[in-house]
Amino acid sequence: MTTWEPVIGLEVHAELATRTKLFCACPTEFGAEPNTLVCPRCLGMPGTLPVLNKQALEFAIRAGLAFDCQIAEHIVFERKNYFYPDLSKGYQISQLSQAVATGGQVNIVTDDGNEKQIHITQIQLEEEAGKSIHGGATIREATFTLEDFNRCGIPLIEIISEPEMHSVEEAKAYLEKLKTVLLYIGVSDCKMEEGSLRCDVNISLREAGSDRLGRRAEIKNLNSFRAVVNVLEYEIQRQTELLNSGGTVARETRTWDEGRGESFSMRSKEEAHDYRFFPEPDLAPVEPGQAWIAEIKATLPELPDIKRRRYVEEYGLPLYDAELISGNREMADFFDKTLQYYKDPKAISNWLMGEVSRLNNQAETGFDKLRFSPQQLGELLAMIDNGQISTKIAKTVLEEMFASGTAPASIVEARGLMQISDQGALETMINSLVDANPGPAEDYRNGRDKALGFFVGQIMKETKGRANPVLVTDLLKEAILGKK
Amino acid sequence: MRPNEMSARQIARVVNRGEMSPTEIVGDFLKKIAETEPEYHAYITVTQEDALRQAAEVADRLVKGGEKLPLAGVPVAVKDNICTKGVQTTCGSKILAGFVPPYDATVVAKLREAGAIIIGKTNMDEFAMGSSTENSGYFTSRNPYDPARVPGGSSGGSAVAVRCGSAAVGLGTETGGSVRQPAAFCGLVGLKPTYGRVSRYGVAAFASSLDQVGTFGRDIADCALLSSVISGYDANDSTALDAPVPLYHELLSGTENGAGTGVGAGTGTVVGAGVDGIRGLRVGVPKEYFQTGVEPEVAAAVRHCLDILSAMGAIVEETTMPHTEYALPVYYVIAPAEASSNLARYDGVRYGWRSGNSPNVMEMYCNTRDEGFGPEVKRRIMIGTYALSSGYYEAYYLRAMKVRRLIRDDFDAAFKRYDVLVTPTTTAPAFKIGELSEDLLAMYRSDICTATANLAGIPALSMPCKFVKVGGGRQYLPVSVQLMANVLREDLLFRVGYALQEELALPGLKQPYTHLQPQGDLYTQLEGRGDRR
């Protein structure tokens with residue numbers, strides 16, 4: 001039987017986090033009463049004209065630069081003409097040729113740990129349509145439709161990939177990376193539940209090893225990564241069955257029913273819209289100019305790929321740690337700042353990925369909302385190194401820091417958690433303990449190493465965990481082995 | 001003299017001086033509207049109450065502010081595709097019957113700021129598609145010189161109003177001659193400004209890359225005054241040009257002009273356009289415009305203007321603009337293409353006409369647009385949709401845009417050698433109602449001398465230069481000369497136009513005229529001097 005290889009391309013729509021809409025001054029906030037964030041412009045009233053939101057253009061350029069794209073010298077807007085009740089002008093101002101950014105790539109790490117580049121065709125700036133609310137269980141049964149134009153005109157970027165993904169996992173890694181970078185550069189809040197990140201999927205199958213493309217289906221308007229994964233799995237199976245049974249895949253647009261877990265044909269190639277693109281005559285081509293582009297570039301943060309490389313090459317972090325930390329801007333920021341106060345990157349990484357993440361998850365919060373500072377984390381780790389507290393005590397101290405933001409030294413002092421490293425005091429304690437337990441001491445002397453653990457445990461119990469464990473171990477060995 | 005017989009400058013002067021109140025002025029114009037509307041049908045909406053309220057407001061401002069307003073109390077006719085807050089704006093279409101915009105177009109806001117009174121919204125060919133007002137969704141306006149004839153279009157209603165004296169000046173819009181052609185048919189001065197000189201914000205779009213608001217006046221100075229008021233940069237229109245606006249009317253030397261309105265007196269650079277202003281002026285006469293089927297009498301009238309300019313010291317030369325013949329085909333691809341997109345918003349969803357009882361959205365669209373649009377609009381939407389369709393775009397729209405560039409290049413080359421170009425505005429005087437409505441191509445050819453300026457984005461002015469006898473009887477109709485200049489050189493057009501106007505000294509043009517007035521007046525004056533010309 002033929003082995004089929006999926007060929008996947010994604011079009012991701014990300015709403016930009018501007019304060020106002022793309023061509024008018026209406027606010028972009030989410031969740032307002034229907035049709036309260038509208039004006040004659042976004043309602044497409046006669047005679048109104050678009051005025052480009054410069055912030056939106058800057059965000060689109062910023063995204064282009066973050067993905068290593070070429071920024072167009074002449075940015076041209078085009079009209080995409082089609083009728084739909086939530087499209088107030090009867091056309092969407094979008095881009096086709098001479099989009100804001102072209103070329104560039106998204107770097108993903110595949111499951112086998114290799115890096116792979118997924119190329120970006122282009123990033124175009126365009127406006128949102130409004131929202132149709134159908135009165136009925138399904139669109140077919142609806143007896144009326146209500147229109148909310150609050151969203152109409154909100155800026156978004158459409159990021160179009162080349163069809164270079166060949167598995168569900170690659171598609172998922174691409175989406176996650178895209179989202180990470182968009183969040184990093186602050187151009188979109190990527191809130192899928194508010195529809196600010198959506199995805200169209202193109203998928204075809206071809207014989208493994210072939211470089212010819214099969215006929216593709218397009219599935220529109222997916223609003224979660226989960227849905228993308230489900231659609232891809234479903235389509236791979238559907239198309240495989242079709243092809244294996246001698247059928248052909250129709251070149252069509254499909255829609256995904258998440259409830260039923262099935263995709264349905266929406267329109268065939270013959271029914272496809274002819275969008276009659278032509279350059280928007282109401283907006284002159286924009287020439288961003290090298291100076292402005294350089295200015296925008298200068299404000300880009302260090303991007304996750306570069307960070308990851310730095311973490312591996314400069315700090316010797318394992319790739320796993322580097323990928324995980326660099327994949328979260330707030331976590332990476334915390335990591336970088338802690339390094340200014342504490343010099344062991346791996347230790348910081350362990351604590352951030354371990355205890356701090358655990359506490360964050362428990363409290364459902366994030367690295368940007370931590371009550372304690374990077375400096376305080378550095379102080380905590382230094383106290384471990386200095387033998388002032390044990391790792392175990394440090395976890396307790398961290399919980400308190402997490403809850404209150406109090407400095408670790410104050411917590412240790414207030415709660416009397418300072419490690420006991422007073423050799424004399426420990427020796428007294430140990431000697432009486434060994435004397436009182438000749439049996440286990442004898443076991444240890446006979447080579448049963450585990451017996452030592454009993455003594456350590458007892459000392460720790462007695463000191464409420466504050467005894468310096470390294471010192472205790474050394475002293476115990478000396479006390480037991482010395483007393484033959 | 002009744003206020004409706006005065007020029008806009010005179011009205012502003014007497015109102016600014018407190019010699020007449022804006023309310024008196026408006027009252028007289030409303031009376032004039034009542035007298036002329038039954039015969040000529042200039043207005044779709046007369047804003048009687050609103051006009052009186054505006055008049056009171058202007059009076060208030062004059063008293064309180066002590067300021068002088070350039071159009072104080074001047075009643076202006078506004079074409080019905082220019083949005084007026086709180087006043088129905090139909091674009092001459094049934095699909096917008098009852099549509100009341102919640103905002104003023106920038107030009108309307110500028111008029112109000114200048115103290116003008118919006119006295120009514122004027123008839124037009126539906127969505128500005130036509131040359132006669134016969135395509136209006138409401139009625140056909142009548143030419144004041146002969147009600148059996150069209151006033152021209154698409155801005156026919158404003159032309160009729162200004163000619164009748166039911167408005168002092170008027171606003172029209174141009175996509176391909178829609179101000180200049182009715183100006184020519186109604187014996188008015190009409191200006192199509194440089195693309196971007198006047199904001200398009202609030203002007204319902206026909207073809208965005210060609211549209212521009214134009215002005216009507218009964219003489220050059222009124223047209224210049226109105227143009228100064230509405231011109232200028234507007235952040236609401238991304239295609240508006242950010243260039244200073246001269247006070248055009250103050251550039252005109254001679255009799256009573258802008259200075260008397262009290263606006264910018266002494267601030268503008270006053271350059272005489274008398275004999276001295278014309279001496280050395282380089283005038284190009286593109287021969288292609290005379291090979292358009294222009295009637296001999298019209299050509300002769302234009303040649304007469306050239307003789308006058310020559311006599312005043314201008315250097316007049318015949319020239320060639322080889323791509324002129326492609327202007328109409330190019331225009332009739334680009335304009336419908338843009339229109340097909342611009343008119344998509346009239347879908348019955350948010351405002352305007354919506355067909356009832358459609359079983360689904362698609363049929364609601366189809367029924368609404370079928371019932372709301374007239375045949376010419378439908379025809380152009382279909383042509384434009386075709387021209388933009390996948391597989392035809394390159395052959396039609398893209399090719400037309402390339403030829404448009406060549407037409408523009410012709411003008412660039414011409415303006416290296418000439419200050420102004422002189423041509424006829426139309427090939428003939430006003431035609432009869434119904435005469436061309438069955439012959440679309442002949443109707444489209446009305447734009448043959450005017451469409452080039454829209455395609456090139458340059459300013460062009462039409463002004464009457466002769467009355468020609470028609471039908472062998474005692475009836476005279478005006479014909480016009482067109483002046484074209486390089487971008488943002490409206491000043492030149494007004495100066496040259498003013499010099500011509502004063503030399504031509506045609507009778508009766510500065511006053512309102514309707515055929516109901518004693519016909520002998522015009523006839524006698526013209527016959528009396530006919531031999532001399």
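This is a predicted model: local features need pLDDT of at least 70, side-chain atom pairs count only at pLDDT 80 or more; totals for chains, interfaces and linings use all residues.
Biologist: At what angle do the axes of H7(A) and H8(A) cross?

Modeller: An axis is a line fitted to C-alpha atoms, for helices over the stretch in contact, and angles run from 0 to 180 degrees between N-to-C directions. Here the axes of H7 (residues 329-338) and H8 (residues 345-363) of chain A come within 10 Å and cross at roughly 145°. The crossing of H7(A) past H8(A) is right-handed. That label means that the near helix is turned clockwise from the far one by less than a right angle, and left-handed means anticlockwise.

Biologist: Now the sheets. What is the strand order in the open sheet of 11 strands in chain B?

Modeller: Two strands pair if DSSP finds at least two bridges between them. For chain B, this gives the order E1-E3-E2-E4-E6-E5-E10-E11-E9-E7-E8, with mixed pairing. E1 (43-46) and E8 (315-319) of chain B are at the edges with a single partner strand each, so each has one side without a neighbour in the sheet. From one strand to the next, the twist averages 30°.

E2 (residues 75-79) and E4 (residues 169-174) of chain B run parallel and are joined by three bridges, and Ala77(B) stands opposite Gly170(B). E4(B) and E6(B) run antiparallel over five bridges, with Leu171(B) opposite Thr215(B). E5 (residues 189-192) of chain B is antiparallel to E6(B) too, over three bridges, and Gly190(B) has Phe216(B) as its bridge partner.

Biologist: Which residues of E6(B) lie on one side and which on the other?

Modeller: In a regular strand the side chains alternate between the two faces of the sheet. For E6(B), one side holds Gln212(B), Gly214(B) and Phe216(B), the other holds Val213(B), Thr215(B) and Gly217(B), and all are buried. A residue is buried if 20 or more other C-beta atoms, placed from the backbone, lie within 10 Å of its own, exposed if 12 or fewer, and partly exposed in between.

Biologist: Is Gly92(B) buried or exposed?

Modeller: Gly92(B) sits in the loop between E2 and helix H4 (106-113) of chain B. It counts as buried because it has 32 C-beta neighbours inside 10 Å. Beyond four places in sequence, its contacts include Asp80(B), Asn123(B), Phe127(B) and Tyr138(B).

Biologist: Which residues touch the most other members of the largest nonpolar core?

Modeller: In soluble globular proteins, nonpolar side chains tend to be buried together. A nonpolar core is a set of buried Ala, Val, Leu, Ile, Met, Phe, Trp, Tyr and Cys residues joined through C-beta atoms within 7 Å. The largest has 161 residues, and Leu71(B), Val74(B), Val76(B), Leu111(B), Ile117(B), Val420(B) and Leu483(B) touch the most other members. H10(B) gives the most to this core, 10 residues. Another core, of 71 residues, lies apart from it and includes Ile61(A) and Val201(A).

Biologist: How many residues of chain B are in contact with chain A?

Modeller: Here 36 residues of chain B are in contact with 26 of chain A. Helices H10 (327-342), H11 (361-372) and H12 (375-388) of chain B are the elements that give two or more residues to chain B's side. H10(B) gives the most to that side, with three residues. By class, that side has 19 nonpolar, 11 polar and six charged residues.

Definitions and conventions
Residues are numbered from 1 along each chain as its sequence is written. Chains are lettered from A and ligands numbered from 1 in the order in which they are written. Two residues are in contact if their C-beta atoms, placed from the backbone, lie within 7 Å. Helices (H or I, at least four residues) and strands (E, at least two) are DSSP runs, numbered from the N terminus. Ala, Val, Leu, Ile, Met, Phe, Trp, Tyr, Cys and Pro count as nonpolar, Asp, Glu, Lys and Arg as charged, and the others, Gly among them, as polar.
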